[in-house]
Every structure is written in C-alpha cells, then in structure tokens.
Amino acid sequence: MKNNKYDDMAFFDKYSKMARSVYGLKGAGEWQTFKNMLPNLNDKRVLDLGCGFGWHCKYAIENKAKAVVGIDSSQKMITQAKKINGDKAIEYINSTIEEIELKDGDFDVVISSLALHYVEDFYKVCQKVYYALKYDGDFIFSVEHPIFTAYGNQEWYTDELERILHWPVDNYFDESKRESNFLGEKVIKYHKTLTTYINDLLKCGFIIKEVIEPIPPKEMLDEVDGMKDELRRPMMLLVSARKVSNSK
C-alpha cells in the first residue's frame, strides 16, 4: 500500500460516494456483525489499522474508549478522517501498516476493517499486533473472504445477457498478488487462504474467539439493488482473536 490507490483523485472521488463512505457504519453491511464481536471499549486504548474515514475510531470514542490511534497509508483518507471524525482523543497517523512502529503492550484492542487484504505478509501483521496488545487484549478484523479474492478480478461470471451465473473461484492455493476491478479501477490486493489467516494467528500465540462469514442485514437485502446476490457467496471474513497470558 505504499503507492496508495486511494490517493488517486478520481478513485478517491468514487470511493467517497460509496454508501459506507457517505453513511458511515450504517452503510456497511457487515457492521452489525463486526460490532457484536467487539469487546467492551470503556477506558480502553484502541488501535485501528487502515482507519479510512475514521468511522470506527469515532465509534470507539463514543463508546468511552480512553484513546484511539487510527493509521492509514492514504493521506486523503487521513485528511477526511480528521475532518468528519475528528476528536481530541483520536490521533490519526499517515503510515502503512507494515511501517508503523508500535510500543509493547500499548493497546487493549486492535481493530482493522477491510484493509489487511492489501498487505502482502499477514504473519508479520499478526506479530506486530501481538506485540502491541496487552495480555487479554483483542484483535478483531475483517478482510475480503478468500472465496472472494481467489480468482482475482472480483466480478461475477455472466451470460451473454449479463445475467449472473456464478462466482468464479480459481487458483485458490496460489497466495499471491491479485489485480482486481474495484469501482472501475485496477487495484492490487493479496489473496490468502482461510488456513493462512487462522494459522498465522495461532502461530503468533493468539487464541481464536470467533470466525464469521457475515451476510447483509435484512433491511439491506430488501432496499439495496443487487444486495441479495451477496447471499450467493461469502464476500467477507470476520475474525476475533485474543492475546492471553498463557498462550505462549
């Protein structure tokens, strides 16, 4: 993410018009599930990896977190986060997840929403988060599901009339760079298997609390065009893990 696509003006403008950008957490189909996975944030120090517009950071403060640090490699994201979700208890930092320097045991909770599939080495992220968490601290993150990222272009397979036939899955065990089509633009992501996500956490010492493949809430299925198609394959993977004192 060093050359961040989100700093491209045309791409950023398209992203800014998405429901999750305009309406915040209410516009994110996975939010209710993600929210239920979060621990009590009262008096906690929270780190958000890939904070985007800062919606999760502001939510943490509104739920009595003591302090929040949000990092994002896009300067445009950070600027917008400060503008619409600024707070004296939130520190926004323009940095990649790979390059951010963290202190040992500095946070009670680390969250990440749809950012880690842009990072090539998930194991190093797990190591970094484990180091930064206090014991009994929680790591909750969402990524694009391996079924969603495997083929690469992230487009439905359609017939000659553009009717959806199925979702293509290929080269699942080839964990490498993918060039996907997002908002009409080419975006680089990194495919990882479900095994890698789970085992990398375990190898670093985490215990797994929950693994969820969320579906959109009923109101979105009824109100948003095309949302019912999201029931045909998993788009996201949500994981909750904990650093416990006897885990290593």
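Student: Buried means under 20% relative accessible area, exposed over 50%, and partly exposed in between, with a 1.4 Å probe and protein chains only; so is Asp159 buried or exposed?

Tutor: Asp159 counts as buried, because its relative accessibility is 16%. Please keep in mind that this is a predicted model, in which local features need pLDDT of at least 70 and side-chain atom pairs count only at pLDDT 80 or more, while totals for chains, interfaces and linings use all residues. Residues are numbered from 1 along each chain as its sequence is written, and side-chain values use heavy atoms, with hydrogens and water left out.

Student: OK, and what does Asp159 form a salt bridge with?

Tutor: Its partner is Arg163, and the closest N and O atoms of the two are 2.7 Å apart. A salt bridge here is a side-chain nitrogen of Lys or Arg within 4 Å of a carboxyl oxygen of Asp or Glu. Arg163 is partly exposed, since its relative accessible area is 49%.

Student: Why can side chains pair like that at all?

Tutor: In general, side chains of opposite charge can pair when their charged atoms come close.

Student: How many salt bridges are there by this rule?

Tutor: The count comes to 11 salt bridges. One of them joins the side chains of Arg20 and Glu30, at 2.9 Å from N to O. That pair links distant parts of the chain, 10 residues apart, with Arg20 in helix H2 (residues 19-22) and Glu30 in the loop between H2 and helix H3 (31-37). Helices (H or I, at least four residues) and strands (E, at least two) are DSSP runs, numbered from the N terminus. Glu30 is buried, with a relative accessible area of 4%.

Student: And which residue does Arg233 pair with?

Tutor: Arg233 forms a salt bridge with Glu230, and their closest N and O atoms are 2.6 Å apart. Arg233 is buried, at a relative accessible area of 8%, and Glu230 counts as buried too, at 19%. Elsewhere, salt bridges that share partners join Asp138, Lys209 and Arg242 into one network.

Student: Changing topic, which residues of H1 are buried?

Tutor: In helix H1 (residues 9-16) the buried residues are Phe11, Phe12 and Tyr15. Seen down the axis of H1, these buried residues fall within an arc of 100 degrees, so they line one face of the helix; the arc is that of the directions from the helix axis to the C-beta atoms.

Student: What covers them?

Tutor: The cover includes H2, helix H5 (75-84), strand E8 (177-182) and strand E9 (185-190), where contact means heavy atoms within 4.5 Å.

Student: Then what do the buried residues of H5 pack against?

Tutor: They pack against H1, strand E2 (67-72) and strand E3 (90-94). The buried residues of H5 are Met77, Ile78 and Ala81, and they line one face of the helix, because they fall within an arc of 95 degrees when seen down its axis.

Student: How do E8 and E9 run?

Tutor: E8 and E9 run antiparallel, joined by 6 bridges; two strands pair if DSSP finds at least two bridges between them. Phe182 has Glu185 in E9 as its bridge partner, and in the hairpin, which has 2 residues between the strands, Leu183 takes a positive phi near 60 degrees. The covered face of E8 holds Arg178, Ser180 and Phe182, while Lys177, Glu179 and Asn181 form the uncovered one.

Student: I keep seeing rings, so how many aromatic pairs are there?

Tutor: A search of the whole structure finds 17 aromatic pairs. Rings of Phe, Tyr and Trp (its six-membered ring) pair if their centres lie within 6.5 Å, and planes under 30 degrees apart count as stacked, over 60 as edge-to-face and the rest as tilted. Tyr6 and Tyr15 form an edge-to-face pair, with 5.2 Å centre to centre and 90 degrees between the planes. Tyr6 is buried at 8% relative accessibility, and Tyr15 is buried at 13%.

Student: What about Phe122 and Phe141, how far apart are the centres of their rings?

Tutor: Their ring centres are 5.6 Å apart and the planes are at 55 degrees, so the pair is tilted. Phe122 lies in helix H6 and Phe141 in strand E5 (residues 133-144), so the pair ties together parts that are 19 residues apart in sequence. Both Phe122 and Phe141 are buried.

Student: Last one, which residues share one aromatic cluster with Tyr6?

Tutor: Tyr6 forms one aromatic cluster with Phe11, Phe12, Tyr15, Phe53, Tyr118 and Phe182.
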